[in-house]
Amino acid sequence: MAFKRPTSLEIELCDRALDPMRALMDPVFHHLERVPTEPGRAPLLFVGNHTLMGLLDVPFFFFALLHEHDIFLRSMGDRMHFRVPGWADFFTRWGVIEGNRERCGELLAAGEPVLVFPGGAREVAKRKNEQYQLMWGTRLGFAKLAIRHQATIVPFAMVGADDAWDIVMDADEICESLMGPVIEATWSLANIPRGSMPPLVKGLAGTPVPKPVRLYFGIGEPVYTGPYAGLEEDDSAAYALREEVASAIEKELAYLLNERKWDVDDGSLRRRVTTGMLKLLKR
């Protein structure tokens, strides 16, 4: 699967484009030193929690790994992203591929560092009171691939984005509303499952713009798949590995939520910046 990284200029420009959001979100990174970097290491499979709406925090995580370890993540993307002209081209340029087992396996076999969110679109389309929960259903695909390719799994957690918006109506409430049958039928015609239907949200000043919450990122202890070698077709082994990874992510989520609780940064600077932006918009 031939892939050429964006040029250094493209990377710099895209990184700089994040600076306004970086100033507002003031991301904090923990435990980046846990990422295995030794020569000749096994391929890396980064597995984490997907947050509300899906895209607010991932770019910051991508650039942190690129700058800290020169790791250019190859992400698995939902097929919906590749139905949008222009957006699909952008995703492809930055190494995102439509997520399926075969293509993910090809990347791991080539030694590429791969990013997956087992919760997929369902974890992005959160319902009320589902902040920072893993919703993996019965999925075992990433665990079986990791065993087959003897990849090292790097669990990671992200906190903040689930609080950047308030959910006004989640998918279940939308489908139960007066317009619900029409909306659900429309999604069905587009071959998009109900579970992937995004909620109706509001952010800053009741707009779709995310509130300037602080973002937290953490890397858990690596999970090595050596003990599971040869067991990729054994569902019980894959499930055991999956639960080991889920436990590592949940542990890191708890750590980040506690760090946020005691963070001395009260967000006053971001509030001042936000207030100033709102005043400018009202002129």
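A polar contact is a pair of N or O atoms within 3.5 Å. The views below come from a predicted model.

View 1. Lysine 126 sits in the loop that runs between helix H6 (120-124) and helix H7 (141-148). Its relative accessible area is 2%, so lysine 126 is buried. The side chain of lysine 126 reaches two backbone oxygens: that of histidine 50 at 3.2 Å, and that of glutamate 123 at 3.1 Å from a polar side-chain atom. Beyond its neighbours within four places in sequence, lysine 126 is in contact with residues including Thr51, Tyr132, Met135, Asp162 and Pro199.

**View 2. Salt bridge between aspartate 26 and arginine 214.** The closest N and O atoms of this pair are 2.8 Å apart. Aspartate 26 belongs to the loop between helix H2 (19-25) and strand S1 (28-30), and arginine 214 to the loop between strands S8 (200-202) and S9 (216-219), so the bridge ties together parts 188 residues apart in sequence. Aspartate 26 is partly exposed at 30% relative accessibility, whereas arginine 214 is buried at 16%.

**View 3. Salt bridge between arginine 34 and glutamate 252.** The N to O distance is 3.3 Å. Arginine 34, in the loop between S1 and strand S2 (44-48), is linked to glutamate 252 in helix H10 (residues 235-261), 218 residues apart. Arginine 34 is partly exposed at 22%; glutamate 252, with a relative accessible area of 4%, is buried.

**View 4. Salt bridge between glutamate 173 and lysine 128.** The side chains meet at 3.2 Å, N to O. Glutamate 173 is in helix H8 (residues 171-176) and lysine 128 in the loop between H6 and H7, 45 residues apart. Both count as partly exposed, glutamate 173 at 29% and lysine 128 at 34%.

Notes. Residues are numbered from 1 along each chain as its sequence is written. This is a predicted model: local features need pLDDT of at least 70, side-chain atom pairs count only at pLDDT 80 or more; totals for chains, interfaces and linings use all residues. Side-chain values use heavy atoms; hydrogens and water are left out. Helices (H or I, at least four residues) and strands (E, at least two) are DSSP runs, numbered from the N terminus. Buried means under 20% relative accessible area, exposed over 50%, partly exposed in between (1.4 Å probe, protein chains only). A polar contact is a pair of N or O atoms within 3.5 Å; within protein, one must be able to donate a hydrogen and the other to accept it, and residues adjacent in sequence count only if both atoms are side-chain atoms. Contact means heavy atoms within 4.5 Å. A salt bridge is a side-chain nitrogen of Lys or Arg within 4 Å of a carboxyl oxygen of Asp or Glu.
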